[in-house]
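This report is for a reader who is new to the structure. Please look at the sequence and the model below before going on.

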Amino acid sequence: MVIGVPKEIKNNENRVALTPAGVAEFRRYGHTVYVQVNAGVESGFEDEEYIDAGAIMLPTIEEVYGISEMIMKVKEPIASEYELIKEDQLLFTYFHFASSEELTHAMIDRKAVCLAYETVEKTDRSLPLLIPMSEVAGRMAVQEGAKYLEKPQKGRGILLGGVPGVKPAHVLILGGGIVGTQAAKMAAGLGAHVTIMDISLPRLRYLSDIMPENVDTLMSNEYSIREAVKTSDLIIGAVLIPGAKAPHLITRDMLKLMRAGTVLVDVAVDQGGCIETCVPTTHENPTYVIDNVVHYCVANMPGAVPYTSTVALTNATLTYALQLANKGWQKACLDNDELKRGLNVVNGKIVYKGVADAFGLPLEDVTELLKKEEEQIDF
Ligand SMILES: NC(=O)c1ccc[n+]([C@@H]2O[C@H](COP(=O)([O-])OP(=O)(O)OC[C@H]3O[C@@H](n4cnc5c(N)ncnc54)[C@H](O)[C@@H]3O)[C@@H](O)[C@H]2O)c1
């Protein structure tokens, strides 16, 4: 298959969809990979490394789209890319269709095959291509929180781990999923006293078993949160209710209970935030202060560490991308339900319920559609 990797052009997106190691894997199976000049440079990968791995560099995005059967990207195509997309071209990237009707209609009109990273789903309902970014954000939440606890950053002026003879900081984590677990590991590793709250008892049992001594688990409810915020230095919001807005676990009135200089990092900001006073911020201007409480609410935290994020993402996407390239998208999706669930728009038809429901558009049965494709193609 001919694979194309354009340079990301969405504002502030420094990741790239494929590393030189990924190029070498495609080459090993006999595929051709075109990479746009400078596509990897913001993630720390020079053109020479791609060439050494077997890629062919193309100077323009038009050439990459023009020659490729499968485009691998990170973010959804933006308006200037729509007209570059060809009928039947396979696009493997994050789409988040339900949040953009314009993008949905554009992909329907282009008659492309859109396989969305975010809806590739395992049978246990986990989302293997979202997990790496949650891992990055969870670990970063502690790093950022520690920074904003410093006095010059308007924080309480407390070191997470303390020093001999001085108590460590108290870190409260709301939600013990991927983000919460990674945050807890980092905070505990730095010597902080950590409390993780979740509403799932099995999850709390698991966390209690695997976490070090300086991590406590607590059932999440309003009473316990209200008590805990009084003595917490860093509070990390990491809850998720799939398909719904995040619940406001920290309400505006609770800010008055906190000590001056407490830091709130609301990782769940992309789902509306679990802190009532959360407003999305950017890496250029990540924090603001309300009632002497520092709020950090960056919606794309992994964007600040493109090297780590790129490698983490491509580690997860590559096995799926290889299946698509080796078998063709039709057979790869017929053989693997995880990939099949990633299909959102196919040749002008919506095949993912969440997208059809979001805009009141007709839903096509993906299995029927794949069977029809199978009849047409001699595998
Ligand atoms: N800001 C960013 O850059 C960024 C990056 C990655 C992920 N995220 C977001 O981080 C959030 C967490 O993601 P995740 O991958 O850890 O999700 P996850 O599903 O792995 O974990 C969510 C956890 O929240 C728990 N929960 C639900 N309601 C709760 C409540 N009332 N109190 C306490 N816990 C509750 C669930 O039981 C679950 O364990 C999501 O909103 C995700 O979109 C943001």
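Helix 6 and helix 10 pass each other in a right-handed crossing. The model is predicted. Helix 6 covers residues 131-148 and helix 10 covers residues 306-327; their axes come within 8 Å and cross at roughly 150°. Angles over 145 degrees count as roughly antiparallel, so helix 6 is roughly antiparallel to helix 10.

On the side of helix 6, the contact is made by Pro-132, Met-133 and Val-136. These residues meet Thr-308, Ser-309, Ala-312, Leu-313 and Ala-316 of helix 10. Sorted by class, the contact between the two helices has 6 nonpolar residues, 2 polar residues and no charged ones.

Three of the strand pairs are set out here.

| Strand pair | Sense | Bridges | Residues opposite each other |
|---|---|---|---|
| Strand 1 (residues 2-5) and strand 2 (residues 32-36) | parallel | 4 bridges | Val-2 and Thr-32 |
| Strand 6 (residues 113-116) and strand 14 (residues 343-346) | antiparallel | 3 bridges | Val-113 and Val-346 |
| Strand 14 and strand 15 | antiparallel | 2 bridges | Val-346 and Lys-349 |

Strand 14 and strand 15 form a hairpin, with 2 residues between them. In the turn of this hairpin, Asn-347 has a positive phi of about 45°.

Which residues does UniProt list for "active site"? The entry, which is unreviewed, gives His-96 and Asp-270. The two are spread over 175 residues of sequence but cluster in space, with a largest C-alpha distance of 11.6 Å. His-96 is found in the loop between strand 5 (90-93) and helix 5 (101-110).

Note on methods:
Residues are numbered from 1 along each chain as its sequence is written. This is a predicted model: local features need pLDDT of at least 70, side-chain atom pairs count only at pLDDT 80 or more; totals for chains, interfaces and linings use all residues. Side-chain values use heavy atoms; hydrogens and water are left out. Two strands pair if DSSP finds at least two bridges between them. Axes are lines fitted to C-alpha atoms, for helices over the stretch in contact, and angles run from 0 to 180 degrees between N-to-C directions. Angles under 35 degrees count as roughly parallel, over 145 as roughly antiparallel, 65 to 115 as roughly perpendicular and the rest as oblique. A crossing is left-handed if the near helix is turned anticlockwise from the far one by less than a right angle, and right-handed if clockwise. Contact means heavy atoms within 4.5 Å. Ala, Val, Leu, Ile, Met, Phe, Trp, Tyr, Cys and Pro count as nonpolar, Asp, Glu, Lys and Arg as charged, and the others, Gly among them, as polar. UniProt positions are given in the numbering used here, feature names are shortened, and annotations may be inferred rather than shown by experiment.
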